[in-house]
Amino acid sequence: FIFASNQLPTLKNLDDAIERRLQLIFFEHRVPMDKIDLDLSTKLVKHELQGIIGQALFAATELLKNNFAFHTPQALQENKREFFIDASSPLSFFFACYQISETEHTSANTLYEDYLLYCKKFNKSPLSTTKFGLAMNQIPNVRSFKGAKGARMRNVTKKLDAPLLSL
């Protein structure tokens, strides 16, 4: 599917399948209304069709060589990463409020309670504890382990400049 939009879509499910398939391309240049060429497609077909077909064939050949895997430029990878952080309440919460720590740990319960406060404060829909835990598992280098008395812990600590999570 191709979506053309002035605003990014909101998606309820941000699983691996969506992440693998979604490519975000931002068009920064806006053409003024008086400069829009309403006859552009006709001109392109008349004057550039041979070049367009040549580029399409070249791109198809490259795609076949790469086993149907597209090359994604760094700028597009960064666009996608920012989109997923903004679109995912657990990721936006984590990157705004917490950081990975090698020496300090936070209980999974405390982390989830802070997440609920974050969602309420910023008007986001919270995920269940299970889905929140799965989202945390997607963050590189965030580990889950059993702490004292069997409590589930994470190797994260609250950022000093985290938004206040009290209401």
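Here is the tour, from the core to a sheet.

A quick heads-up: this is a predicted model, where local features need pLDDT of at least 70 and side-chain atom pairs count only at pLDDT 80 or more, while totals for chains, interfaces and linings use all residues. Residues are numbered from 1 along each chain as its sequence is written, and side-chain values use heavy atoms, leaving out hydrogens and water.

**Stop 1: the core.** Select Phe-93, Phe-94, Tyr-98, Leu-111 and Phe-132: they have the most contacts inside the largest nonpolar core, a group of 21 residues. (Such a core is a set of buried Ala, Val, Leu, Ile, Met, Phe, Trp, Tyr and Cys residues joined through side-chain atoms within 4.5 Å; buried means under 20% relative accessible area, with a 1.4 Å probe and protein chains only.) Now color helices H3 (74-87), H4 (89-97), H5 (108-121) and H6 (129-137), which each supply at least two core residues. H5 gives the largest share, 5 residues. (Helices are DSSP runs of H or I with at least four residues, strands are E runs of at least two, and both are numbered from the N terminus.)

**Stop 2: Asp-114.** Stay in H5 and click Asp-114. Is Asp-114 buried or exposed? It's buried, at 10% relative accessible area. Its side chain makes a polar contact of 2.5 Å with that of Tyr-98, and another of 3.0 Å with that of Lys-158. (A polar contact is a pair of N or O atoms within 3.5 Å; within protein, one must be able to donate a hydrogen and the other to accept it, and residues adjacent in sequence count only if both atoms are side-chain atoms.)

**Stop 3: the sheet.** Show the open sheet of 3 strands, ordered E2-E4-E3 with antiparallel pairing. (Strands pair if DSSP finds at least two bridges between them.) E2 (106-107) and E3 (144-146) are the edge strands. Finish at Lys-146, which sits opposite Arg-152 in E4.

Notes. Buried < 20%, exposed > 50% of the residue type's maximum accessible area, 1.4 Å probe, protein only.
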